[in-house]
Amino acid sequence: AVQLVESGGGSVQAGGSLRLACTASGFTFDGSDIGWYRQAPGNEREVVAAIVNRNGNTFYADSVRGRFAISQDHTENTVYLQMNNLKPEYTGVYYCASELRGTWNHPGDWGDWGQGTQVTVSS
């Protein structure tokens, strides 16, 4: 079974930074696809960024392009989401996902999800 655990969330002022982590058990991220999604209160889950390893490409939502970056620590089997210049609109619960079986920006195309970590950005 696959288990994903997110961490690193918190409360920051607008313009601040956070680094989220997603640690996996039951499989390794190497060569796999990884997605990061955000769900704001009352809203649907929305894509933030993804690595599609079959293409060797990194993708970002337009709203976070140039602010967020995905990286991997292979020895720890952990994927990070570095979030810089945060905006209040980025507030929400952040989830990592694996087992992509479709398109990176379609939530329903990811098969496994973590429990999420809360990010709160204040003005």
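Student: Does T78 count as buried or exposed at its relative accessibility of 5%?
Tutor: This is a predicted model, and the label is computed from its atoms. Buried means under 20% relative accessible area. T78 has 5% relative accessibility, so T78 counts as buried.

Student: Which strand does T78 lie in?
Tutor: T78 is buried at 5% relative accessibility. The strand that holds T78 covers residues 78–83. That run is strand β8.

Student: With which side chain does the side chain of T78 make a polar contact?
Tutor: A polar atom of the T78 side chain lies 3.0 Å from the backbone oxygen of E76. Leaving out residues up to four places away in sequence, T78 also touches several residues, including A21, C22, F29 and S71. The polar contact between side chains, at 3.0 Å, is with T23.

Student: Which residue does a disulfide join to C22?
Tutor: A search of the whole structure finds one disulfide. In the disulfide that holds C22, the S to S distance is 1.9 Å. The residue joined to C22 is C96.

Student: How many residues apart in sequence are the parts that the pair of C22 and C96 ties together?
Tutor: The disulfide joins C22 to C96. C22 lies in strand β3 (residues 18–25) and C96 in strand β9 (residues 92–100), so the pair ties together parts whose separation in sequence is 74 residues.

Student: Are C22 and C96 buried or exposed?
Tutor: Buried means under 20% relative accessible area. C22 has 0% relative accessibility, so C22 falls under that cut-off. C96 has 0% relative accessibility, so C96 also counts as buried.

Student: How far apart in space are G35 and D109, C-alpha to C-alpha?
Tutor: G35 is found in strand β4 (residues 34–39). G35 has a relative accessible area of 0%, so G35 is buried. Leaving aside neighbours within four places in sequence, G35 is in contact with residues including A49, Y95, C96 and W110. G35 and D109 are 74 residues apart in sequence, and their C-alpha to C-alpha distance in space is 10 Å.

Student: What is the geometry of the aromatic pair of Y37 and W113?
Tutor: The count of aromatic pairs comes to four. In the pair of Y37 and W113, the ring centres are 5.1 Å apart. Planes over 60 degrees apart count as edge-to-face. The planes of Y37 and W113 are at 75°, so this pair is edge-to-face.

Student: How many residues apart are Y37 and W113?
Tutor: The pair links distant parts of the chain. Y37 is in strand β4, W113 is in strand β10 (residues 110–113), and the separation is 76 residues.

Student: Is W113 buried or partly exposed?
Tutor: Y37 is buried, with a relative accessible area of 0%. Exposed means over 50% and buried under 20%, with partly exposed in between. W113 has 25% relative accessibility, so W113 counts as partly exposed.

Student: Which residues form one aromatic cluster?
Tutor: Y95 and W113 form an edge-to-face pair, with 6.5 Å centre to centre and 85° between the planes. Y95 lies in strand β9 and W113 in strand β10, so the pair ties together parts 18 residues apart in sequence. Y95 is buried, with a relative accessible area of 12%. The members of the cluster are Y37, Y95 and W113.

Student: Which residue has its charged end over the ring of W113?
Tutor: R19 lies over the face of Y80, at 4.0 Å from the ring centre. Over the ring of W113, 4.7 Å from its centre, sits the charged end of R45.

Technical notes:
Residues are numbered from 1 along each chain as its sequence is written. This is a predicted model: local features need pLDDT of at least 70, side-chain atom pairs count only at pLDDT 80 or more; totals for chains, interfaces and linings use all residues. Side-chain values use heavy atoms; hydrogens and water are left out. Helices (H or I, at least four residues) and strands (E, at least two) are DSSP runs, numbered from the N terminus. Buried means under 20% relative accessible area, exposed over 50%, partly exposed in between (1.4 Å probe, protein chains only). Contact means heavy atoms within 4.5 Å. A polar contact is a pair of N or O atoms within 3.5 Å; within protein, one must be able to donate a hydrogen and the other to accept it, and residues adjacent in sequence count only if both atoms are side-chain atoms. A disulfide is a pair of cysteine sulfur atoms within 2.5 Å. Rings of Phe, Tyr and Trp (its six-membered ring) pair if their centres lie within 6.5 Å; planes under 30 degrees apart count as stacked, over 60 as edge-to-face and the rest as tilted. A charge sits over a ring if NZ of Lys or CZ of Arg is within 6 Å of the ring centre and within 35 degrees of the ring normal.
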